[in-house]
Amino acid sequence: MTEEHKIRVLIAKPGLDGHDRGAKVVAQALRDAGMEVIYTGIRQTPEMIAEAALQEDVDVVGLSSLSGAHIQLFPRVLEEVKKRGLKSVLLLAGGIIPEEDVAPLRELGIQGIFGPGTRTDDIVDFVRKSMAGKR
Amino acid sequence: MGSAAKSEWQEKVYEAAIKRAPERQAQFTRSSGAEVAPLYTPEDISGMDYGRDIGYPGEYPFTRGVQPTMYRGRLWTMRQYAGFASAEESNRRYRYLIEQGQTGLSVAFDLPTQIGYDSDHPICAGEVGMVGVPICSLQDMEVLFQDIPLDKVSTSMTINATAPILLAMYIALGKKQGVAPAELNGTIQNDILKEYIARGTYIFPPKPSLRLTTDIFQYCGEHVPPWNTISVSGYHMRDAGATAAQELAFTLAHGIAYVQAAIDAGLDVDRFAGRVSFFFASDNNLFEEVAKFRAARRLWAGIMRHRFEAKQDRSCMLRFHTQTAGSTLTAQQPDNNIVRVTIQALAAILGGTQSLHTCSRDEALALPSEEAVQISLRTQQVLAYESGVADSVDPLAGSYLVESLTNEIEAEAKAYLDKIEKMGGALNAIEQGFPQRQIHESSYRYQREFEAEKRVVVGVNKFCSPQPSAISLLRVSQDEQEKQKARVTELRRNRDNAKVAQSLEKLERVARGSENTMPTFIECVEAYATLGEICDVLRRVFGEYKQSVAF
């Protein structure tokens, strides 16, 4: 990764859930840490999110859901992302995700899962470490 | 000889003491960042006039409470917000809560119901029954209230964009049970403005949405007089990060917009204002919250009397529901949440709430389990029956601290209200993204303070313990979603579809015109038109709101 390259991040809200306090706080924290951050707003379909990731040429996609719909929606986002050939994108998730769902989501390819009470510094570090060496 | 004045004490005694031993923190602040003084004395409230600013309970400006006897006459309504999976499951939970001594129902709808889609619409994948009960038609409503006589309960429905349709179903269900509309008791949230700022379950643009709001005011004024036609809500803005003063100010700004819209639609203020109710969060800072509730009553009373020239006292009363603040609940050490909820519930009671939902310890992890809900209901019952806090009206009045904070929060809220007024009112402020930005800034500031450990959250950034607490969580089964989809498909096959089509055509005509939409909504739901079909008509006529992401 060259020094000039800023890490590009898409923060997205799949599904019908309107709670985006956490999504916005994470977006702001990543931006304050020097990354380029795009926030999709609420009510995004998996297709819309994958398409935005492609169009915006992002390195990282962060998904936020508090409604419980992550079980069905996150795998569909991953599918759409794969369909578009975005192999190297780092996938993160946050919101209300019960412990028992964490391992299956990791297996699917969501590398970072951040629940309530997470420090944004930890998310920033995770993204930087994961991106180091890529590109 | 003691000090003669606060300033003397401060200079001679206090300064000397902190020179010897500094305080725990350089600053003690409330949610807005305003500093809390080390001491409040009669000097801090010397400008107050008891009769004018505080007064007696049940009398203008209602600072001390809206009823003369408050909880000595009747306790607040204990109302746990519930709904999940399906109408059957939710009905079972309601009957359980009633058996446990709950005194009012509070219906949580799933997101598709709130946004106007039937459970089988592709956009609803994964959302059906997740955060509330799915209601596609009057048929689901019949199941939801099976064996619950509507003349015996008061029902609060958290429903906004689709409020008139769910209310129409409730009225239709009452008729089927033999209960006249005038005997129905309850509340619909019906507060669309805050949906554009936080929470996000809007469908239509603000103008047609406000028309639906005022249609409800007018219809209920004539046909369902006991119904609380709106619950102007600060709760969701607070949970999204607003400070206490922002919560209060933005809520009252919305209240002003609704009252104005109804007056503009030709309604007499004293005919509907008495049915306007409010909904606030109760957060962790006990005294700030109590002060917020007291300031809310005084501010609203003044607005109704002076700005809208309401003649009846009833129109000036700010009655409110409280929910303990969900955003304060932690996933770590979830049992600690029981203690947080107790403090927050206490603040709501000391602040004179009319009804209360206490959150459950597991809500940072999932929807609450039955066991967790029982603890939170018992929390209210212990406060009500054992603590003695309900035995005297507005017990914190006269506290130098609480009266000072009441004045301060009122002033902070007034400053925001003035700013919103200069922007041309709440609608313009929302369009310009003003409350959205303010709330985001507050939430981000809170996060920074939390990470810098200036705000301690026990069990999360201090006093952490490694072992996870094993508690069993409620899980909504995916089978329920499939069953619900099958139910709505079957309904569409078995009903009188000609009658449905007729009612929907009529709705389109009425929506395009200016007559009250409520009677036609009732006709549609009685024909078993689905929520999604009704909203499709309205989406066609009114268009859809597009959120502008100011980020």
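1. A residue counts here as buried if 20 or more other C-beta atoms lie within 10 Å of its own, as exposed if 12 or fewer do, and as partly exposed in between, with C-beta atoms placed from the backbone. By that count strand E4 of chain A is mostly covered, six of its six residues being buried. A:Leu90, A:Leu92 and A:Gly94 point one way from E4(A), while A:Leu91, A:Ala93 and A:Gly95 point the other way, and all are buried. Helices (H or I, at least four residues) and strands (E, at least two) are DSSP runs, numbered from the N terminus.

2. On the source: this is a predicted model, in which local features need pLDDT of at least 70 and side-chain atom pairs count only at pLDDT 80 or more, whereas totals for chains, interfaces and linings use all residues. Residues are numbered from 1 along each chain as its sequence is written, and chains are lettered from A and ligands numbered from 1 in the order in which they are written.

3. The sheet of chain A. Five strands form an open sheet in the order E2-E1-E3-E4-E5 (chain A), with parallel pairing; two strands pair if DSSP finds at least two bridges between them. At the edges are strand E2 (36-39) and strand E5 (112-114) of chain A, each of which pairs on one side only. Neighbouring strands of this sheet are turned by 20 degrees against each other on average, direction ignored.

4. Neighbours of E4(A). E3(A) and E4(A) are paired in the parallel sense over six bridges, and A:Gly62 has A:Leu92 as its bridge partner in E4(A). The chain passes from E3(A) through helix H3 (residues 70-83) of chain A to E4(A), a β-α-β crossover that is right-handed. Right-handed means that, with the strands pointing away from the viewer, the path from the first strand over the helix to the second runs clockwise. On the other pairing, three bridges join E4(A), residues 90-95, to E5(A), and the two run parallel. The bridge partner of A:Ala93 in E5(A) is A:Ile113. E4(A), helix H4 (residues 99-108) of chain A and E5(A) make a right-handed β-α-β unit.

5. Helix H1 of chain A. H1(A), residues 21-32, lies across strand E1 (8-12), E2, strand E3 (60-65) and E4 of chain A, and runs at about 160 degrees to E2(A). Axes are lines fitted to C-alpha atoms, for helices over the stretch in contact, and angles run from 0 to 180 degrees between N-to-C directions. The 12 residues of H1(A) should span 16 Å at 1.5 Å a residue, and its end C-alpha atoms are 16 Å apart, which agrees; the expected span is 1.5 Å times one less than the number of residues. H1(A) is followed by A:Gly34, whose phi is positive, near 95 degrees.

6. Burial of H1(A). Because 10 of its 12 residues are buried, H1(A) is largely enclosed by the rest of the structure. Among the buried residues are A:Arg21, A:Lys24 and A:Gln28. The buried residues of H1(A) pack against E1, E2, E3, E4 and helix H5 (120-131) of chain A, together with H18 of chain B.

7. The interface. 30 residues of chain B are in contact with 26 residues of chain A, contact meaning that the C-beta atoms, placed from the backbone, lie within 7 Å. Helix H4 (111-115) and helix H18 (434-451) of chain B each supply at least two residues of the side of chain B that touches chain A. H18(B) gives the largest share of that side, five residues. The residues of that side divide into 17 nonpolar, 10 polar and three charged. Ala, Val, Leu, Ile, Met, Phe, Trp, Tyr, Cys and Pro count as nonpolar, Asp, Glu, Lys and Arg as charged, and the others, Gly among them, as polar.

8. Strand E7 of chain B. E7(B), residues 276-282, is mostly covered, with seven of its seven residues buried. Four bridges join strand E6 (residues 230-233) of chain B to E7(B), in parallel, and five join E7(B) to strand E8 (residues 320-324) of chain B, also parallel. B:Phe278 is the bridge partner of B:Val232, and in E8(B) the partner of B:Phe278 is B:Phe320.

9. Backbone points to check in chain B. A cis peptide bond, with omega about 0 degrees, joins B:Tyr60 and B:Pro61. B:Phe62 has a positive phi, near 65 degrees, in a residue other than glycine, and lies in the loop between H2 and E1 of chain B. B:Phe62 is buried, with 25 other C-beta atoms within 10 Å. B:Glu309 also has a positive phi, near 50 degrees, but is exposed, with 11 other C-beta atoms within 10 Å.

How values were computed: Two residues are in contact if their C-beta atoms, placed from the backbone, lie within 7 Å.
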